[in-house]
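Here is a short report on a structure with its chains in contact. Take a look at the model before reading on.

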Amino acid sequence: MTSIQDQAGATTPSGMPDLTSSSVSGNRNRVGTILTIVSGVFVAFIIIPLLLVLWDVGGRGLPLLFNTDLYTELPPPPGLEDGGFGHAIIGSLMTLGIAAAISFPVGVLAAVYLAEFGRGTRIAYLVKFSANVLTGVPAILIGLFAYTIVVRPLGSFSAFSGGVALGVLMLPIVIRSTEEALLLVPNEMRQAATGIGATRFQTITRIIIPAAMSAIVTGLILSLARAAGEAAPLLFTAFNNSFWNTDPMRPIATLPVLIYFFSIIPYKPQQDLAWAAAVVLLIIVLTASLLARFFSRAKKF
Amino acid sequence: MQTQVDNQTQTETKRVFKLDNVNVYYGPHLALRDVNMDIMEHEVTSFIGPSGCGKSTLLRCFNRLNDLITGARVEGNVTYHGANLYGEKVDPVVVRRKIGMVFQKPNPFPKSIYENIAFGVRVNGMKVNMDEVVEQSLRGAALWDEVKDKLKDSGLSLSGGQQQRLCIARAIAVQPEVILMDEPCSALDPISTLRIEELIKELKQKYTIVIVTHNMQQASRVADVTAFFNAEAVEKGRRVGYLVEYGPTEMIFNTPREQYTLDYVSGRFG
Ligand SMILES: Nc1ncnc2c1ncn2[C@@H]1O[C@H](COP(=O)(O)OP(=O)(O)OP(=O)(O)O)[C@@H](O)[C@H]1O
Ligand SMILES: [Mg+2]
């Protein structure tokens with residue numbers, strides 16, 4: 001146990017200082033071990049659900065992925081087998097594309113304003129506050145919002161309204177991540193550019209944004225990954241469609257909504273499609289995260 | 001206005017800047033008061049003085065970089081070849097194209113060495129042979145031989161001393177008339193420092209240079225004129241900087257008017 005010798009820094013028989021952990025008091029060692037175990041348990045709490053999801057979804061969905069019909073066919077009518085969800089892949093791409101077309105420019109410009117022009121102003125505070133509130137708004141409410149301002153006036157569910165809903169969902173993520181990316185660019189860069197006669201506009205477009213580009217792209221990808229998995233905002237907007245559609249003004253099927261509908265109907269082929277779609281979604285999201293990591297690796301300063 | 005111009009000799013030096021009763025405020029607080037001085041063409045003027053006495057603040061008045069600092073305000077008169085630098089019609093961007101700056105911390109852009117120099121030339125809309133300008137500027141900053149084979153590499157891949165010379169090259173590429181340097185050697189080793197000092201001596205043939213330094217030897221080595229600043233306490237522990245005196249470097253270092261200047265430059269305090 002803890003002898004006085006232990007406390008005073010033990011020496012080995014050879015006279016050299018004992019630097020092994022056994023020279024530290026037993027108590028400290030034990031507390032350390034317990035804390036290590038506790039934190040290990042919590043780590044397991046985080047990792048195990050992820051592994052279970054991957055295992056479960058992957059186990060059921062992966063074997064189905066090799067059937068190329070999955071990506072090119074429509075789902076079978078109830079009671080029949082085979083088919084795929086090609087229409088939902090196109091639908092997801094379309095709604096995400098529309099969402100990106102809305103949220104990327106608006107969000108990035110807002111962030112440029114926040115980081116470069118509006119620092120410390122009232123408007124900037126208001127924009128940031130709104131973005132924070134928007135982050136906390138449940139996705140289903142964002143769907144209802146898009147329903148009210150797009151679906152009702154236009155009189156029909158549509159891919160476009162789904163894109164609007166996802167775009168609103170992504171907006172605060174885009175604003176915040178882009179602002180942080182811009183603020184990471186050291187002020188010396190702004191001074192340096194200004195000091196050789198660059199205008200503010202030139203400084204921002206040619207120095208600051210390129211310097212922050214990898215971090216900005218990372219944020220954009222993560223916002224897309226977040227939106228790709230959302231079903232709730234699409235239920236009242238893009239809704240669903242059992243057939244091919246590329247008209248943005250008509251309802252469209254998407255992967256999350258397809259999963260939602262097919263997982264609650266009592267037909268095995270449809271349930272299988274839901275599992276396969278879940279794996280496809282997972283792969284998309286994981287790939288996006290990896291891409292994001294790859295971009296954020298490209299450190300500039 | 002012109003005082004006693006010596007008409008006999010042709011080496012008449014022209015006045016580039018003239019400061020009259022310049023005060024600088026940050027928000028409500030006076031940081032630097034009542035500066036009167038002239039900066040002469042093709043001379044190296046050094047600013048010395050204890051930390052916080054407003055050397056960088058004054059330096060930033062010459063190229064209106066204080067405009068970037070919210071709340072900063074310059075009072076009094078700063079003229080550049082007789083024109084009011086703070087006149088209503090003056091475009092600070094144009095001012096900064098004529099008056100370049102090298103900062104305390106080397107701050108190359110996260111771009112290639114070539115692009116670091118080309119950027120300034122492009123934003124200035126200069127119609128030139130870019131390859132030539134890049135080479136000349138790098139030669140001018142005594143960096144060409146070290147980087148000529150890796151112009152495509154990032155400016156950030158260079159050592160600190162090389163980066164600082166790249167920043168000097170970047171400044172001279174836009175052919176300014178004046179180069180302001182804020183402690184350009186404070187992050188550098190003695191060898192890089194000496195190289196940059198030699199460079200400064202060469203550059204003054206073509207440019208007018210104002211340099212802030214904490215290194216007394218450096219001031220005595222490179223400067224023709226030295227200005228000594230100090231700060232005095234005002235209420236609530238705030239300090240206000242002021243110009244104690246300025247004159248030929250030799251005079252400031254050997255026979256200054258104020259005893260305190262002599263104590264400072266020779267490292268004696270009491
Ligand atoms: N951006 C700023 N905002 C507010 N106050 C400032 C700012 N920059 C400088 N000051 C104040 O102005 C005074 C002079 O600062 P300045 O940086 O000009 O000193 P300096 O002589 O360059 O010092 P050093 O030798 O340490 O670089 C200091 O009291 C400082 O607190
Ligand atoms: Mg300073």
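## The interface

The side chains of Lys105(B) and Glu188(A) form a salt bridge, with an N to O distance of 3.4 Å. The model is predicted. Between chain A and chain B the count is 1 salt bridge. Polar contacts between chain A and chain B come to 5 residue pairs, both residues at pLDDT 80 or more.

Helix H8 (187-195) and helix H9 (200-228) of chain A each supply at least two residues of the side of chain A that touches chain B. H8(A) gives the largest share of that side, 7 residues. In total, 17 residues of chain A are in contact with 24 residues of chain B. The size of an interface is often given as the accessible area lost when the parts come together. Here chain A and chain B bury about 1,800 Å² between them. Carbon and sulfur atoms account for 70% of that area.

## Aromatic pairs

How many aromatic pairs are there over all chains? The count is 14. In one of them, the ring centres of Phe239(A) and Phe261(A) are 6.1 Å apart. Their planes stand at 70°, over the 60 degree cut-off, so the pair is edge-to-face. Phe239(A) lies in the loop between helix H10 (232-235) and helix H11 (255-263) of chain A, and Phe261(A) in helix H11, so the pair ties together parts 22 residues apart in sequence. Phe239(A) is partly exposed, at 31% relative accessible area. Phe261(A) is also partly exposed, at 25%.

In chain B, the rings of Phe228(B) and Tyr260(B) have their centres 6.0 Å apart and their planes at 35°, so this pair is tilted. The pair links distant parts of the chain, 32 residues apart. Phe228(B) is in strand S9 (residues 225-233) of chain B, and Tyr260(B) is in helix H10 (residues 259-265) of chain B. Phe228(B) is buried, with 0% relative accessible area. Tyr260(B) is partly exposed, at 36%.

Back in chain A, ring pairs link Tyr147(A), Phe157(A), Phe239(A), Tyr260(A) and Phe261(A) into a cluster.

## Charges over rings

Two arginines of chain B deserve a look. The charged end of Arg73(B) sits over the ring of Tyr25(B), 4.4 Å from its centre. The charged end of Arg170(B) sits over the ring of Phe109(B), 4.5 Å from its centre.

## A buried threonine

Thr79(B) belongs to strand S4 (residues 72-80) of chain B. Its relative accessible area is 15%, under the 20% cut-off, so Thr79(B) is buried. Beyond residues up to four places away in sequence, Thr79(B) touches Val16(B), Phe17(B), Lys18(B), Asn84(B) and Leu85(B).

Terms used. Residues are numbered from 1 along each chain as its sequence is written. Chains are lettered from A and ligands numbered from 1 in the order in which they are written. Side-chain values use heavy atoms; hydrogens and water are left out. Rings of Phe, Tyr and Trp (its six-membered ring) pair if their centres lie within 6.5 Å; planes under 30 degrees apart count as stacked, over 60 as edge-to-face and the rest as tilted. Helices (H or I, at least four residues) and strands (E, at least two) are DSSP runs, numbered from the N terminus. Buried means under 20% relative accessible area, exposed over 50%, partly exposed in between (1.4 Å probe, protein chains only). A charge sits over a ring if NZ of Lys or CZ of Arg is within 6 Å of the ring centre and within 35 degrees of the ring normal. Contact means heavy atoms within 4.5 Å. Buried area is the accessible area (1.4 Å probe) that two parts lose on being put together, summed over both. A salt bridge is a side-chain nitrogen of Lys or Arg within 4 Å of a carboxyl oxygen of Asp or Glu. A polar contact is a pair of N or O atoms within 3.5 Å; within protein, one must be able to donate a hydrogen and the other to accept it, and residues adjacent in sequence count only if both atoms are side-chain atoms.
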